[in-house]
Amino acid sequence: MRAQRPGTALRCPTRLLAAAAAIASGTVLALPGAACADGGPVGGAQLAGRGVIVNPAAGVPAPPNIHAASWVIADADTGEILAARDPHGRYLPASTLKTLTALTLVPKLDAARKVKPSQSACDVEGTKVGMTPKMSYSVDELFHALMMMSANDAAVTLSEANGGLKKTVADMNEQARTLHADDTLAGSPNGLDVDLGLTVKTQHTSAYDLALILRQGMKDPAYRKYVQALNFWFPAPPDKQQKKKHKPGGYPIYTHNRMLPGQPYAYNGMLGGKNGYTVTAEQTFVAEAKRGGHTILVSLMKADIPPSPYAAKLLDWGFAARGKVKPVGTLVSPGAEGLKADATGGKDGGQSAIEKASSSRTWMVVGGGAVGALIAIGVLFLVLHRRHRRGDLRLPKPDAPVAGGPGAPSGNVRLASPPQRQPADAPDLHDEDGPAERVAPFDPRPVDEHPQ
């Protein structure tokens, strides 16, 4: 499901004229942005687009066609967004919301602190690491379970250590505001939705915000440790064999990020990330990779298959296009100074610079007085028509029209039926969040929580 946003073009006459200029010139890729007195989307005016947003460059192919409703490709070093699709579209996050949980709680909780979970934490729905209220676990162990195998019981236990679920969710939302992740509303610490009675109206994020969150988290060595771990020994009451040999209880847990080294979809230079899945949210993912001294960050939402192949295509394009295409926006810096720095052309690729370059082209196309007015009226009609059609729930085709093109998807994107179960040789299939098979304490292998 997808939350609706106000029609930016209707709120800003200068954006209408910019759209008219694009149509008159035959350009449908990356509608020119224009500064607007009442403000535009965070990161730059072009990011208001709902189709594919890219500034074409000679020798650079179009971004990859993937079955995902929303995605972002960014240079994590500079903050420049190289291309995107519906970057500010609000969707259910699934377990990628745990990137915000960790970003919020890692600095607050002492890694060595011991925490005893409640029974309700141990009984939470979906993926679990297999905990018992009879034991205490270190915060470090809980973060490994949270970010490696997306354990929902670890998420609730960490929240209890932080003062409770209500306080933790409030802290997460405050953290999101600090990052200018204004598309994000957390309703849980684990990303569960239907099981908790949450909908896209009460819990949502965007591909843009996921990129902001992961980029900030990866600056912290402790955060990176948790998203880069491949395996980890998680404590548990000793079984008979362990008791007999006088060994401590426990079992290994393994990462769910199939793009890390040694995994089935290992990607050269992968630094870490987080994936998620529920039936309603479908597949979500955010990750960073580094090659040749440059770091590319990608995020995607509401994809129809496990995300590793799609993410690899986005990353490949990002590395190839970096330094060649003009950015379509920027990942703003955190804090009160973040937006100010970007508006004045700061090092993160200021929004103002993008708008100035776009605005300087507008007068050449629209300067015909009556002709410009007629074009603007026509664009207004198209925008109203598109808003009327925003209930369309069809899955976007890989070759769906780009931003501003006729027929560009404008509503919530949803599969007609739940994703099909993959063959046994497709190990990237797993859910982070769903209510079904649980990871038993002594059988911690990755499982499918929503077998179809």
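**Salt bridges and buried parts of a predicted protein chain**

Lys167 and Asp171 both sit in helix H7 (residues 165–178), 4 residues apart, which is about one turn of the helix; helices here are DSSP runs of H or I with at least four residues, and strands are runs of E with at least two, numbered from the N terminus. The model is predicted, so local features need pLDDT of at least 70 and side-chain atom pairs count only at pLDDT 80 or more, while totals for chains, interfaces and linings use all residues. Residues are numbered from 1 along each chain as its sequence is written, and side-chain values use heavy atoms, with hydrogens and water left out.

Side chains of opposite charge can pair when their charged atoms come close. Lys167 and Asp171 form a salt bridge, with the closest N and O atoms 2.8 Å apart (a side-chain nitrogen of Lys or Arg within 4 Å of a carboxyl oxygen of Asp or Glu). Asp171 is buried at 12% relative accessibility, whereas Lys167 is partly exposed at 39% (buried means under 20% relative accessible area, exposed over 50%, partly exposed in between, with a 1.4 Å probe and protein chains only). Lys108 joins Lys167 and Asp171 in a network of salt bridges.

Another salt bridge pairs Asp140 with Lys225, their closest N and O atoms being 2.9 Å apart. Asp140 belongs to helix H5 (residues 139–148) and Lys225 to helix H9 (residues 221–228), so this pair ties together parts 85 residues apart in sequence.

Helix H8 (residues 207–217) is mostly covered, with 10 of its 11 residues buried. Among them are Tyr208, Asp209 and Arg215.
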